[in-house]
Structure formats: C-alpha cells, structure tokens
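Reader: I am new to this structure. Please take me through the terms and what backs them.

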Amino acid sequence: MELDVLRLTADYYHKLLDAELHINEWVQDRLFIAEPFFRFVSVYLEPSNLFNVLIPLLGICGQDLLTHLVCALSLVSAVSSFEKWIYPDWRPLWRLRELYANEYAIRPGVALQSHDLSCETSGGLPCAHSMAWTALLMVVSMHLPMRSGSSSWRLAMYGLIGCCILSMWLSRLYLATEYLHQCLLSTYLAISLLASCQRHLNSLYSQRGSWTLLMVLLLGCLAIAVYFLKLHLDIDPHWSVRQAFKWCSEPTYMRHESSPIFLLARDLGNLMGVALALPVEQLHNNSKYSHRFVGIAIVELLNYILRLGTPKQHGRFLFLAYEFIRNALHSLILVKLLPKLLSRKS
C-alpha cells in the first residue's frame, strides 16, 4: 500500500514537471526581448556575487545591517545547498531531453532554448538564486526607516520587493534552469527561515562560539554521511553533475563554482566564519561612512585577490579546502574584525 502511494506520488510529480515545461516555453516565447535583463539578473545577483559584492556594499550603511545580512544569507544559502546535496531535483532542460531521448516516454511537445547560463551542475530545488535574493531583500527591508502608521510606504516597499523577486523567477524560467514551483517554494522557504531567525536573532547573536562551531562541524559530518549513504544505497552522489555533462550543449559552459560539493564547501565556510565571530557585539553605528567604505573596500580587494588565486587545477580536496577557508575568513572579518577595527578608529 505504501509503495503504491509513493509510486502514485512520483508519477504525479513527474506529470507536474512535464506540464510546467510549457510555462518555461511561454516565458521564452513571449519575453525574449528581455533576455539581456534576465541574463544580468542571473549572473550578477547569484548567491556568490551577493556575498562578495552586494552585501559588502550594503554593509557600508551600517554594521548591524552587514551582520544581519551575513548571518541570514549564510543560513539560507546553507539550507539550499544541503537540499541540493541530499536530493537533487530535475531541471527543465534535463527533464525535457531525457523525455526525448526515451523512445517509450510521452513527449510533451515543448521546445526550450538552451543558453550558456543553462548549464547548471546542481539540482533545481530549491532555487538558490531565488532563496538568496529573497532573503537579501527581506533583511534590507527590515532595516529601512519607516514611519509608524505609514501604510502607503509599506505597501510600496513590499510591491517593489515583489517585483524584484518576480524578476528573478522570470530570469530562471527564461534560462530554463528552474521550474516555476521550484522558484515559488524557494521564496517561501527563505521567508520562513528568516521569520524563524528573526524571532531568535538576539539569542543567536549571544550564543557562545563553541556551540555554533560544534553545530557547523556536525553539519559537515552530515554532508559526508549523506555521501557515503548514497554510495551504500547505490545512488550516484554526483547525479546532477552527470546530468549537466550529459545534456549541456557545450561542456565548457559549466563552472566548478556551481557544483553541489563546492556550494556545500562555500556555505559551510560562511557558517564557520559566523560561528567563529559569535557572540556578536552590539556595536553602535558611530563610525563614519567614509571609514566604513575604505575598510570594506580593503577587505573586498583582498577577498578578490584570494578568489583569483583559487587552486582549481590542483585537485578537488585542495580546491574545496581553500574555498572553505576563504569564505570562513571573509565572514569572520565582516562580522567580527571589521567593526572592532572601525570602532577603534572612531
């Protein structure tokens, strides 16, 4: 009975995936004129660029905003990466081409255009772009000055946030990297995580580093355990990477930085930096904007130089260890060391 229910659920989900392919096709057919905008959104607002560019820029406005952004997006991005690692889901182009390659499958009669940005090597659910972008917008909105009882301002702000999130959804649908339900669920998950974190934010900031450090180490052990469990169950841990190699029109379009194992190393590194920075001191925004700009600019220049020196050709272990340490140092400096240095100058 249970097997029948699972089989029916899987069949329904696959039918849903096949039906949603028409949505991707509609977006490509009707909104092709906005392709440059969609490419800009997917390239420059991806999670890595948020961490390395946009979050530091917004952090010039205040240390409380910078700390909140680093902590919130580290958590949201880590949840996304773990989901992709545990259960990588289909992407539209993979699903469509698998259907056309199988002579016994029912073909949906859909034609999707492939782009260089369509060659993602991680699973489709959740959509990391949508999760990280939603989280950033929501955190920024929490720090905007609002007048009490100003419902029109609040309505305009949430309308603008909705348009920004919709732009990200359309970008991912146009590039055929995600299904619509994957974008919707990702935004919902990001908002739910932020709401939960906001209720316990002060408690999180006051936690001892030893406890959070232990939690990050346990998460690393969980990722390793999932890998060996999949091997034991004869499940390919790198299924999504093989799908990308199988169906990407040009393998050179694929990047190391989009693989599931790299995403895990990056996000665990960010979480490790946050854990080492705790407890976070409640510093007042008394440092000058010019001092904050110079300090953050120096940090990001050093981070950029370290990114250029990533050892991509010296083995997977060194590559992942380097990125883990670099991201951990980046988060630690932004959350802990930078405000201390700026407070002394002030």
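Author: We can begin with charge. The protein chain has 29 positive and 25 negative side chains. The centres of the two sets lie 11 Å apart.

Reader: What makes a side chain positive or negative here?

Author: Lys and Arg count as positive, Asp and Glu as negative; His and the chain ends are left out. Each charge is placed at NZ of Lys, CZ of Arg, CG of Asp or CD of Glu.

Reader: What kind of model is this, and how are residues numbered?

Author: This is a predicted model: local features need pLDDT of at least 70, side-chain atom pairs count only at pLDDT 80 or more, and totals for chains, interfaces and linings use all residues. Residues are numbered from 1 along each chain as its sequence is written, and side-chain values use heavy atoms, without hydrogens and water.

Reader: How many helices and strands does the protein chain have?

Author: There are 14 helices and zero strands. Both are DSSP runs, numbered from the N terminus: helices are H or I with at least four residues, strands E with at least two.

Reader: Why does the radius of gyration agree with a compact globule?

Author: The rule is 2.2 Å times the number of residues to the power 0.38, and the radius is taken over C-alpha atoms. For 346 residues a compact globule would come near 20 Å; the protein chain has 21 Å, so the value agrees.

Reader: What makes Cys 119 and Cys 248 a disulfide?

Author: A disulfide is a pair of cysteine sulfur atoms within 2.5 Å. The S to S distance of Cys 119 and Cys 248 is 1.8 Å. Cys 119 lies in the loop between helix H5 (92–101) and helix H6 (128–142), and Cys 248 in the loop between helix H11 (239–247) and helix H12 (260–277), so the pair ties together parts 129 residues apart in sequence.

Reader: Why is this disulfide called right-handed?

Author: The torsion about the S-S bond of Cys 119 and Cys 248 is about 80°, so the disulfide is right-handed.

Reader: Is Cys 119 buried or exposed?

Author: Buried means under 20% relative accessible area, exposed over 50%, partly exposed in between (1.4 Å probe, protein chains only). Cys 119 has 7%, so Cys 119 is buried. Cys 248 has 12%, so Cys 248 is buried.
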